[in-house]
Amino acid sequence: MPQLAETYACVPSTERGRGILISGHPKSNCILYTNGRSVIILDLSNPLQVSIYGEHAYPATVARFSPNGEWIASADVSGTVRIWGAHNDHVLKKEFKVLSGRIDDLQWSPDGLRIVACGDGKGKSLVRAFMWDSGTNVGEFDGHSRRVLSCAFKPTRPFRIATCGEDFLVNFYEGPPFKFKLSRRDHSNFVNCVRFSPDGSKFISVSSDKKGIIFDGKNGDKIGELSSENGHKGSIYAVSWSPDGKQVLTVSADKSAKVWEISEDNNGKLKKTLTPPGSGGVDDMVVGCLWQNDYLVTVSLGGTFSIFSASDLEKSPLQLSGHMKNVAALAVLNNPKVILSSSYDGLIVKWIQGVGYSGKLQRKENSQIKCFAAVDEELVTSGFDNKIWRVSLQGDQCGDANSIDIGGQPKDLSLALHSPELALVTTDSGVVMVRGAKVVSTINLGFPVTASAIAPDGSEAIVGGQDGKLHIYSVSGDTLAEEAVLEKHRGAVSVIRYSPDVSMFASADVNREAVVWDRASREVKLKNMLYHTARINCLAWSPDNSMVATGSLDTCVIVYEIDKPASSRMTIKGAHLGGVYGLVFTDEQTVVSSGEDACIRVWRLTSN
């Protein structure tokens with residue numbers, strides 16, 4: 001059976017002008033964050049070890065480990081909290097509807113028996129604390145009038161809860177059962193984050209007014225603040241305490257992170273400003289942070305993690321990044337062997353097997369990407385306008401880009417691999433042939449076109465239609481001559497691919513069937529490939545022509561061996577939450593998949 005070898009994780013979903021939450025495991029170097037409906041558990045000491053929980057029905061917003069590290073509580077935009085096991089099968093323990101709107105933060109009590117959650121209540125309560133096993137309320141939380149952005153549980157007895165939000169307030173509650181004690185109006189803008197120190201003696205709040213204020217943990221009095229000398233120049237989105245409680249890490253819209261020493265008189269003095277590497281654009285605003293043992297983790301608006309070392313702040317940070325949106329296409333470059341992935345927001349990321357993230361390809365023209373093809377020196381992309389972009393590749397950098405207007409929105413594009421200046425692009429009603437940077441012919445085929453492929457030597461093209469028929473054309477000069485029509489599919493053809501040695505081709509349709517054809521005789525070579533339960537989005541051949549893999553909206557990848565019946569297939573269930581959209585083989589035994597969950601996974605195949 002196929003084994004998961006590596007996962008290249010997606011990055012956290014971010015939102016302009018808001019902090020995001022990443023949280024850590026109490027005993028190890030694992031961190032938790034959310035993207036879409038997924039909760040991601042990532043091990044900082046081995047970033048290719050990733051576990052993903054995808055059971056939320058709505059986009060998840062925050063997740064936290066229980067104090068003993070055995071359970072995870074995660075919350076979503078519908079106000080639901082799910083509590084599930086941190087290991088293996090992530091078995092669901094409880095699910096509670098806590099608020100009537102989005103939950104922005106949640107925290108466990110130090111004894112692991114209670115959870116406090118806060119967020120947007122749509123006119124009802126904005127904060128609730130409840131027993132983790134029964135969901136019964138433990139207290140009343142009055143005193144906020146607008147969305148509550150953050151909450152914190154004092155980690156030592158006597159228990160206290162602090163909350164802060166968009167009404168500029170920091171509120172303090174005593175309990176359990178919790179009741180309102182006092183409200184502090186020291187900030188003049190949204191208060192984005194509040195956190196107790198590990199010993200519970202004090203807590204700090206940070207705000208969009210660029211201030212950080214320190215309060216007494218037992219009675220809620222203001223006892224100090226972060227120095228305004230060399231302070232942040234933008235909104236402070238998040239704060240995290242060092243394990244010894246003597247320092248804090250803050251991050252801000254001014255694109256920097258700062259480490260502060262909290263002195264005996266409870267004021268904060270700047271120790272070091274950390275600037276995560278970046279181009280200085282909006283995407284480099286820092287919106288999340290976590291002090292996890294010796295790791296200082298910051299997250300930028302573009303989703304990039306920068307991991308600094310607490311024991312050596314001078315050391316340049318390790319960067320981890322990836323996609324935030326659906327990864328719709330994959331390509332492999334052989335020299336050296338790298339995997340390229342593209343998501344529709346225009347991001348192209350480079351990955352190296354065994355290493356993981358190895359940089360983003362910065363294109364000069366950052367347009368959206370729908371179709372994507374790559375050969376060793378060039379990328380060809382098309383977006384949601386009428387243009388095709390040809391971008392030259394020089395190592396890590398993209399060189400000059402040429403755009404070609406083809407007069408309609410491209411639906412599919414394929415390159416003739418042995419003469420890659422020739423590209424075949426399909427539009428709604430026909431195909432366009434492009435050589436280099438110019439359109440050489442636009443051919444109306446008279447039927448709605450849904451997929452196409454061109455042979456590596458450019459001599460033959462196969463076009464699939466809405467009616468499920470495959471039309472085979474010979475290419476002479478700039479014209480197409482129809483040679484044959486193959487009828488087998490019972491739904492619109494979604495993808496066509498030639499085998500590497502061009503002796504076969506495979507096609508798949510939206511009615512969940514795939515077919516392998518012999519190219520010379522145009523007969524069906526492998527039939528009954530009907531094991532998906534939804535449309536097939538992508539298809540890939542192994543380099544030695546012995547296997548074909550299909551990826552579908554039903555979240556599965558199925559690998560068929562050409563010389564065995566379709567029933568002896570290998571199935572990877574639940575490869576990607578929301579569907580599989582990209583597939584490619586890197587060698588005979590390795591297939592790489594990508595999908596709606598913005599993750600990329602590498603699978604080792606061992607034949608049955």
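Tutor: Before we start, contact here means heavy atoms within 4.5 Å of each other. Please keep in mind that this is a predicted model.

Student: Is Val516 buried or exposed?

Tutor: A residue is called buried under 20% relative accessible area. Val516 has a relative accessible area of 0%, so Val516 is buried.

Student: How far apart in space are Val516 and Ser499, C-alpha to C-alpha?

Tutor: Along the sequence, 17 residues separate Val516 and Ser499. In space, their C-alpha atoms are apart by 9.5 Å.

Student: Let's move to Val259. Which strand holds Val259?

Tutor: Val259 has 0% relative accessibility and therefore counts as buried. Not counting residues up to four places away, Val259 touches several others, including Trp291, Leu296 and Leu313. The strand that holds Val259 spans residues 257–262 and is β23.

Student: And what separates the C-alpha atoms of Val259 and Val239?

Tutor: These two valines, Val259 and Val239, are 20 residues apart along the chain. The separation of their C-alpha atoms is 9.8 Å.

Student: What is the C-alpha separation of Ala117 and Leu313?

Tutor: Ala117 belongs to strand β11, residues 114–119, and counts as buried because its relative accessibility is 0%. Among the residues Ala117 touches are Val98, Leu126 and Cys151. Ala117 and Leu313 are 196 residues apart along the chain, and their C-alpha atoms are separated by 34 Å.

Student: Now the chain as a whole. How many strands does the protein chain have?

Tutor: Looking at the secondary structure, we find 0 helices in the protein chain. The number of strands is 55.

Student: What is the radius of gyration of the protein chain?

Tutor: The C-alpha atoms fill a box of roughly 85 × 50 × 40 Å along the principal axes. For 608 residues, a compact globule would have a radius of gyration near 25 Å. The value for the protein chain agrees with that: 27 Å.

Student: What share of the residues in the protein chain is buried?

Tutor: The protein chain exposes about 23300 Å², with carbon and sulfur atoms supplying 46% of that area. Of the 608 residues, the share that is buried is 60%.

Student: How far apart do the centres of the positive and negative side chains lie?

Tutor: There are 64 positive and 67 negative side chains in the protein chain. The centres of the two sets lie apart by 6 Å.

Student: What is the angle between the planes of Phe196 and Phe203?

Tutor: The structure holds 18 aromatic pairs. One of them joins Phe196 and Phe203, at 5.0 Å centre to centre. Phe196 is buried because its relative accessibility is 9%, and Phe203 is buried because its value is 1%. The pair counts as tilted, with an angle between the planes of 45 degrees.

Student: Which residues do ring pairs link into a cluster?

Tutor: Two rings pair if their centres lie within 6.5 Å. Such pairs form a cluster of Phe141, Phe153, Phe159, Tyr173, Phe178 and Phe180.

Student: Now the backbone. What is omega for the peptide bond from Arg157 to Pro158?

Tutor: Most peptide bonds are trans. Pro158 is in the loop between β13 and β14. The bond from Arg157 to Pro158 is cis, with omega near -5 degrees.

Student: What is phi of His90?

Tutor: Most residues other than glycine have a negative phi. His90, in the loop between β8 and β9, is buried because its relative accessible area is 10%. Its phi is positive, near 50 degrees.

Student: Last one: what is phi of Asn293?

Tutor: Asn293 lies in the loop between β25 and β26. With 37% relative accessibility, Asn293 counts as partly exposed. Although Asn293 is not a glycine, its phi is positive, at about 55 degrees.

Methods: Residues are numbered from 1 along each chain as its sequence is written. This is a predicted model: local features need pLDDT of at least 70, side-chain atom pairs count only at pLDDT 80 or more; totals for chains, interfaces and linings use all residues. Side-chain values use heavy atoms; hydrogens and water are left out. Helices (H or I, at least four residues) and strands (E, at least two) are DSSP runs, numbered from the N terminus. The radius of gyration is taken over C-alpha atoms; the globule rule is 2.2 Å times the number of residues to the power 0.38. Buried means under 20% relative accessible area, exposed over 50%, partly exposed in between (1.4 Å probe, protein chains only). Accessible areas come from the Shrake-Rupley method with a 1.4 Å probe; for residues, only the protein chains shown count as cover. Lys and Arg count as positive and Asp and Glu as negative; His and the chain ends are not counted. The place of a charge is taken as NZ of Lys, CZ of Arg, CG of Asp or CD of Glu. Rings of Phe, Tyr and Trp (its six-membered ring) pair if their centres lie within 6.5 Å; planes under 30 degrees apart count as stacked, over 60 as edge-to-face and the rest as tilted.
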